Amino acid sequence: LVTAASPARAGETLILLAKGLGPTNTSVNPGDPFPIDPLAIATSPVEVFVNGKSSPVINQIGEPGTTDTYRVDFRVPDDTGAGTATVQISAAWVKGAAVLIAVR
C-alpha cells in the first residue's frame with residue numbers, strides 16, 4: 001500500500017485497481033466474477049500516466065473473483081522525482097480521475 005509513510009519509489013512496479021475498463025479476452029457475462037484460469041485480460045488499450053508521462057503497463061486483467069474490478073500493474077518511471085505524483089489511468093483513450101501518491 002502506497003502511503004505517505006510508505007511511499008512508492010521511482011522504477012517500482014505498482015498495482016492499481018480500477019473499475020469499468022471494458023471487455024476482456026475471456027468472455028464474462030455482466031455480473032459474473034472474473035475467472036482465475038484463464039485470466040481475463042482487458043482488450044481496450046490501457047495506459048497509466050505518472051505526472052502526465054506514459055508509464056509502462058505490465059498487466060491489465062480482471063481481478064479474479066470480482067465482477068468489475070481490474071488489476072493494472074505499472075512501473076513508476078525512473079525519472080519520477082520525490083514528493084507527490086499524479087497517477088491517471090486511461091482505457092480506450094478515456095482518462096479517469098487523477099489520484100495523488102507519495103514518491104521517495
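Trainee: Which residues is asparagine 51 in contact with, leaving aside its neighbours within four places in sequence?

Mentor: They are Thr80, Thr84, Ala85 and Thr86. Contact means that heavy atoms lie within 4.5 Å. This is a predicted model, in which local features need pLDDT of at least 70 and side-chain atom pairs count only at pLDDT 80 or more, while totals for chains, interfaces and linings use all residues. Residues are numbered from 1 along each chain as its sequence is written, and side-chain values use heavy atoms, with hydrogens and water left out.

Trainee: Why is asparagine 51 called partly exposed?

Mentor: The relative accessible area of asparagine 51 is 43%. Buried means under 20% relative accessible area, exposed means over 50%, and partly exposed is what lies in between, with a 1.4 Å probe and protein chains only. Asparagine 51 is therefore partly exposed at 43%.

Trainee: Where does asparagine 51 lie, and what is said of its phi?

Mentor: Asparagine 51 is in the loop between β2 and β3. The phi of asparagine 51 is positive, about 55°, although the residue is not a glycine. β2 and β3 form a hairpin with two residues between them, and asparagine 51 is in that turn.

Trainee: What makes β2 and β3 a pair of strands?

Mentor: Two strands pair if DSSP finds at least two bridges between them. Three bridges join β2 to β3 (residues 53-55), and the two run antiparallel. Valine 50, for one, stands opposite lysine 53 in β3. Strands are DSSP runs of E with at least two residues, helices are runs of H or I with at least four residues, and both are numbered from the N terminus.

Trainee: How many bridges does β2 have with β6?

Mentor: Five, and the sense is antiparallel. Among the partners, phenylalanine 49 is bridged to glutamine 88 in β6. As for cover, four of the five residues of β2 are buried.

Trainee: What makes lysine 95 count as lying over the face of phenylalanine 49?

Mentor: A charge sits over a ring if NZ of Lys or CZ of Arg is within 6 Å of the ring centre and within 35 degrees of the ring normal. Lysine 95 is at 4.5 Å from the ring centre of phenylalanine 49 and lies over its face.

Trainee: Why is β5 called largely enclosed by the rest of the structure?

Mentor: Five of the seven residues of β5 are buried, so the strand is largely enclosed. β5 also pairs with β1 in the antiparallel sense over seven bridges, and lysine 19 stands opposite threonine 69 in β5.

Trainee: In what order do the three strands of the open sheet stand, and how do you know which are the edge strands?

Mentor: The order is β1-β5-β4, with antiparallel pairing. β1 and β4 (57-62) are the edge strands, as each pairs on one side only. Five bridges join β4 to β5. Valine 57 has phenylalanine 74 in β5 as its bridge partner, and glutamine 60 has valine 72. β4 and β5 form a hairpin with six residues between them, and glycine 65 in that turn has a positive phi of about 90°.

Trainee: What makes the 21 residues a nonpolar core?

Mentor: A nonpolar core is a set of buried Ala, Val, Leu, Ile, Met, Phe, Trp, Tyr and Cys residues joined through side-chain atoms within 4.5 Å. The largest one here has 21 residues, and Leu21, Phe74 and Ile89 have the most contacts inside it. β1 (13-19), β2 (46-50), β5 (69-75), β6 (83-91) and β8 (99-103) each supply at least two of its residues. β6 gives the most, four residues.

Trainee: Why does serine 44 count as buried and tryptophan 93 as exposed?

Mentor: Serine 44 has 14% relative accessibility, so it falls on the buried side of the cut-off. Tryptophan 93 has 67%, so it counts as exposed. Serine 44 is in the loop between β1 and β2 and touches Leu21, Pro23, Gln60 and Ala92, not counting residues up to four places away in sequence. Tryptophan 93 is in the loop between β6 and β7 (94-95), with a positive phi of about 70° although it is not a glycine.

Trainee: What makes the peptide bond from aspartate 37 to proline 38 cis?

Mentor: Its omega is near 0°. Proline 38 lies in the loop between β1 and β2.
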